[in-house]
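The sequence and structure are shown first.

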Amino acid sequence: MVGLAQGLRARFSLVHLTDPHIAGEDQARVRGVDTAARLAGVVESINRLSPAPAFVIITGDFSADGSPAAHRRAAALLRALQVPVRVTLGNHDDPETFRQVMGELGDLLGTETCQAIDIQGWRILLLNSKCPGLKEGFLGPVQRQQMREELAKNPRPPALLFMHHHVLPLGLPWVDRDNLRDWYEFLEILRDVGNVRGLFSGHAHQASRHEWSGIPFFVTPSAGYQFFKDPTQPRVSPEPPAYRLIAIQGGMFVTEVRPVGPPAEKPTTDPPSPSPRPGG
Ligand SMILES: [Fe+2]
């Protein structure tokens, strides 16, 4: 597959993959969808990108239920990726299980909450918005301080941020109540450091783009299933799984969502979420 990076002759590219929601049992469907089959298709599509991306950044909800079996199945599917991977967690992931059963992906998570990658004059930050016991996102004061220090380090390059939860409301009450709880303090850091060029989140299982103070905030669709933009309730749409490609040249980037395959089969069921608060 020809990549955006090749089309633009970009210096390098990144892939954002999020929310695969793998079930704990073979053949098990999540909200009526075979998420394992869909993630396998997404991995295959990413492996065909030419040139290959520098990193695939995965922003959580690897598992649908937080079980060891689901984590193991997700790790097995992602092991097929032929490019370097970086990971952070979503609300469905259990940090201890992740570290214990996901092998090299567990090692990648490490113990740091805020991970920084310096690449070709850019600083990439992976933030861990998973807070034990909360469905909404939360960075907390320690990680916010790490984030501030990483962004302010000299030389101060342009930066892109990745985390599971979205920050700005999407106009969908059932998912907006999960947004980043410490959003105000997060935006204060962006205002103070001045070098953040974009934020990429998941969780909402749909594509969106909002802007704050000239900084684009993107939501990337799920590598498993999408939700309709229905403000009344989360309903699974027939849209295919997808990932996001980010092509970077100089101090600029362009990005597009890459659906994988045709619209999928109609979900066989759309059972209510076991959570009292349904959504991503
Ligand atoms: Fe989520």
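In this predicted model, five strands form an open sheet in the order β3-β2-β1-β10-β11, and their pairing is mixed. The edge positions belong to β3 (85-88) and β11 (252-259); each has a single partner strand, so one side of each is left without a neighbour in the sheet. On average, neighbouring strands of this sheet are turned by 20° against each other, direction ignored.

Within this sheet, β1 (residues 12-17) and β2 (residues 55-59) run parallel and are joined by four bridges. Parallel pairing is also found between β6 (residues 159-162) and β7 (residues 196-201), and between β7 and β9 (residues 215-219). The table lists these pairs with one bridge from each.

| β1 and β2, parallel | four | V15 with V56 in β2 |

Helix α2 (residues 35-47) has 13 residues, and its first and last C-alpha atoms are 18 Å apart, close to the 18 Å expected at 1.5 Å a residue. Its buried residues are T35, A36, R38, L39, V42, V43 and I46. Seen down the axis of α2, these residues fall within an arc of 160°, so they line one face of the helix. The elements that the buried residues of α2 pack against are β1, β2, α3 (68-78) and β10 (242-249). Of these, β1, β2 and β10 are strands of the five-stranded sheet.

Key. Residues numbered from 1 in each chain as written. Predicted model: local features only at pLDDT ≥ 70, side-chain atom pairs only at ≥ 80, totals over all residues. Pairing = 2+ DSSP bridges. Helix = DSSP H or I, 4+ residues; strand = E, 2+ residues; numbered from the N terminus. Axes fitted to C-alpha atoms, helices over the stretch in contact; angles between N-to-C directions. Expected span 1.5 Å × (residues − 1). Buried ≥ 20, exposed ≤ 12 C-beta atoms within 10 Å, placed from the backbone. Arc of directions from axis to C-beta. Contact = placed C-beta atoms within 7 Å.
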